[in-house]
Amino acid sequence: MSMDVLLQQIANGLVVGSVYALVALGYTMVYGILQLINFAHGEIVMIGALTALVTANGLLSAGLPSVLALIISIFVAMVVCAISGVLIERIAYRPLRNAPRLAPLITAIGVSILLQQIAILVFGRNYFSFPELIDKTPIQIGAITVTMNEIVIVVTSVALMAGLIWLVHRTKIGTAMRATAENQKVAGLMGIDINKIIGITFAIGSALGAVAGVMVASNYGQAHYYMGFMLGLKAFTAAVMGGIGNLWGAMIGGLILGLVENVGLIFVRGDYKDIFAFIVLVAVLIFRPQGLVGEKVAERA
Amino acid sequence: MSTLLQDKKKQIAAMVALGIFLLVLPFLAGMLGQAWVRILNITLLYVMLALGLNVVVGVAGLLDLGYVAFYAVGAYTWALLASNHFNLHYPFWVLLPLGAFLAALAGLMLGAPVLKLRGDYLAIVTLGFGEIVRIMMNNLDKFTLPGSDHVYNLTNGPRGITGIDGLTFFGFKLRSGLEVFGLPITGLQLYYFVFLALTCLCIWGVYNMQHSRLGRAWQALREDEIAAKAMGINVRNIKLAAFSFGALTGGLAGGLFAAMQGFVSPESFGLLESVMILAMVVLGGMGHIPGVILGAVLLSAMPEVIRYAADENMQEKVFGFVLIAPEVLRNLIFSLAMILIMLYKPRGLWPSPERK
């Protein structure tokens, strides 16, 4: 019995964790290049979910099959989020690239509040129910119960993460991204268009966030203007736990956070779930201050 | 020489004018309504909080995103020990120092495990600490200790604690107000004067701290931790000192908050509050006391002014209908202001002159 519960919670943890990982990638990519905590990333996830919701509802009422509606609405959400991400970088972060380090952090917080307010203006404060685009009837696999929706979430995130790793390590753009993260000035001297690469980074991170937003909304069946906040916080925690700036770290951190939260539910009451995540974070950082897979940065005077 | 003397005279005249203005301010605000006096009081609390956080972030360069936790410790210390919740009613001269002390202790508890962390790692851990404190306040209304089934209620959960005692001096309750030579002074205005005095105390304390040996050590730490270490500064101790000194101020402000409001709940101590205080420090000008005060005044007063200026009545008059909910409009303008100020003044509105 208790073994079954454990397996079930591990399965749930993988689902939540893969969403965390996708969002954490957005944080970690931006951090890797700009050393900036992009506080507005959680709101990008929210915009993705709400955009997909509107698109999907429109397409469904036009009579499209749900699979097609899902694919189109995810695509629209990715495009909208990529554009918002690039715009945010262009307007709020780029002018501050050489400013004191906390200045862009404050504009990021400002953008985050601004996006929430715009979402309230456009959508209101209601919780919207997200249409059931993928079958949610429980499937029994051995001792655990999952839904098709959950399987799709895990498979999609794994595919996206593999794609991202391939992009960053095997393509020209990826090489340029890594060079920019290493040293912007030198990368610029090597003929890399820094601004373009940073723009692309924001676009990719935001598009991944959009997919994560759709996943969360479809998994819980709802979307609202505030959904990005806690999710963003958790994902950022995951990115730091893994070692911020490191892609593998974001993925591993996301999965571990998801697993820890859900397995932890067996031992502590649900109210304390969020505490659990932060306590694990502190514990990890005490023993590995650079994160789980982060490289130890040499101390420079 | 004579110009120096004149400058000095001008400075003194300006200080006196400012002093008179601050003393008259609550009465001016009182004419508009007591709600405005409350806004003044809250503004003073924010000035204290921003000054405390300024020591941690601005002077010592340690990014703290969970500062509101110390405010909460101070507020709950007062609330629990001066209300009917436990039927305890301690006087202020026990509670204010106790709250500040407990907050400083919490600062040490936070500081100790995170000493090795740098920059943004520190930010997320402090953020987590703030969230842990808030979640505890929300949930410590129904916990049991191992070995017994008795359910304890420490914080009364999300409902918060009501009916908290106010400030009482020698049996005189500040809330009941006072009449001096036929001039009525409301309770909130009396609180204003207490808060003003304590804010001045904080400014004095922070100023002296910043210019002490410890303050210079903090600045060395901010500029370069390795070099500071090489100069023989005990980095561990001064980091802990920064955390606990900042927390002390926060705890003091928290106790005052509980005394004035008569009600505390976990809702007042969310992450957004920490972020707001940080924004005050950064927008005003990190490490520069006048700048930080300006930032605190601006960010705490501005949203309230917008809310009152743009309420439903006003919008009805101008547009003929309510265009935007005042709450949303307030946050909208507020966030835009945050972005624009940073874009045009990245070092803050009033940065310290010597920092480059």
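Colleague: In which hand does α10(B) pass α11(B) in this model?
Modeller: Keep in mind that this is a predicted model. In chain B, helix α10 covers residues 271-284 and helix α11 covers residues 289-309. The hand of the crossing, where α10(B) passes α11(B), is right-handed.

Colleague: What is the class make-up of the residues where α10(B) meets α11(B)?
Modeller: From α10(B) come B:M276, B:A279, B:M280, B:V281, B:L283 and B:G284. On the side of α11(B), the residues include B:G291, B:V292, B:I293 and B:L299. Divided by class, the contact of α10(B) with α11(B) has 10 nonpolar, 3 polar and no charged residues.

Colleague: Turning to chain A, how are α3(A) and α8(A) placed relative to each other?
Modeller: Helix α3 of chain A runs over residues 66-93 and helix α8 of chain A over residues 194-220. Their axes come within 7 Å and cross at roughly 140°, and α3(A) passes α8(A) in a right-handed crossing. Roughly antiparallel needs an angle over 145 degrees, and the two helices are therefore oblique.

Colleague: How many charged residues are in the contact of α3(A) with α8(A)?
Modeller: Among the residues of α3(A) in this contact are A:I74, A:C81, A:G85 and A:E89. They meet residues of α8(A) including A:F202, A:G205, A:G209 and A:V214. By class, the contact has 13 nonpolar and 7 polar residues, and the number of charged ones is 1.

Colleague: Which element of chain B gives the most residues to the side that touches chain A?
Modeller: In total, 33 residues of chain B are in contact with 34 residues of chain A. The elements of chain B that give two or more residues to this side are α5 (119-139), α8 (225-230), α10 and α13 (326-344). By class, this side has 24 nonpolar, 4 polar and 5 charged residues. With 10 residues, the element that gives the most is α5(B).

Colleague: What radius of gyration does chain A have, and how does that sit with a compact globule?
Modeller: Chain A comes to 11 helices and 4 strands, and its C-alpha trace spans about 55 × 50 × 35 Å along the principal axes. Of its 301 residues, 50% are buried. A compact globule with 301 residues would have a radius of gyration near 19 Å, and chain A agrees with its value of 19 Å.

Colleague: And what is the radius of gyration of chain B?
Modeller: Chain B has 13 helices and 8 strands, with a C-alpha trace that spans about 70 × 55 × 50 Å along its principal axes. Of its 356 residues, 45% count as buried. A compact globule with 356 residues would be near 21 Å; chain B agrees with this, at 22 Å.

Colleague: Is B:A241 buried or exposed?
Modeller: B:A241 has its place in helix α9 (residues 235-261) of chain B. B:A241 and B:G107 are 134 residues apart in sequence, yet their C-alpha atoms are 8.8 Å apart in space. A residue needs 20 or more other C-beta atoms within 10 Å to pass the cut-off. B:A241 has 21, so it is buried.

Colleague: Is B:A230 buried or exposed?
Modeller: B:A230 lies in helix α8 of chain B, and its C-alpha is 22 Å from that of B:L122. The cut-off here is 12 or fewer C-beta neighbours. With 10 of them inside 10 Å, B:A230 counts as exposed.

Colleague: What is the phi of B:N87?
Modeller: B:N87 lies in the loop between β1 (82-83) and β2 (88-89) of chain B. With 6 C-beta neighbours inside 10 Å, B:N87 counts as exposed. B:N87 is a residue other than glycine, yet its phi is positive, near 60°.

How values were computed
Residues are numbered from 1 along each chain as its sequence is written. Chains are lettered from A and ligands numbered from 1 in the order in which they are written. This is a predicted model: local features need pLDDT of at least 70, side-chain atom pairs count only at pLDDT 80 or more; totals for chains, interfaces and linings use all residues. Axes are lines fitted to C-alpha atoms, for helices over the stretch in contact, and angles run from 0 to 180 degrees between N-to-C directions. A crossing is left-handed if the near helix is turned anticlockwise from the far one by less than a right angle, and right-handed if clockwise. Two residues are in contact if their C-beta atoms, placed from the backbone, lie within 7 Å. Ala, Val, Leu, Ile, Met, Phe, Trp, Tyr, Cys and Pro count as nonpolar, Asp, Glu, Lys and Arg as charged, and the others, Gly among them, as polar. The radius of gyration is taken over C-alpha atoms; the globule rule is 2.2 Å times the number of residues to the power 0.38. Angles under 35 degrees count as roughly parallel, over 145 as roughly antiparallel, 65 to 115 as roughly perpendicular and the rest as oblique.
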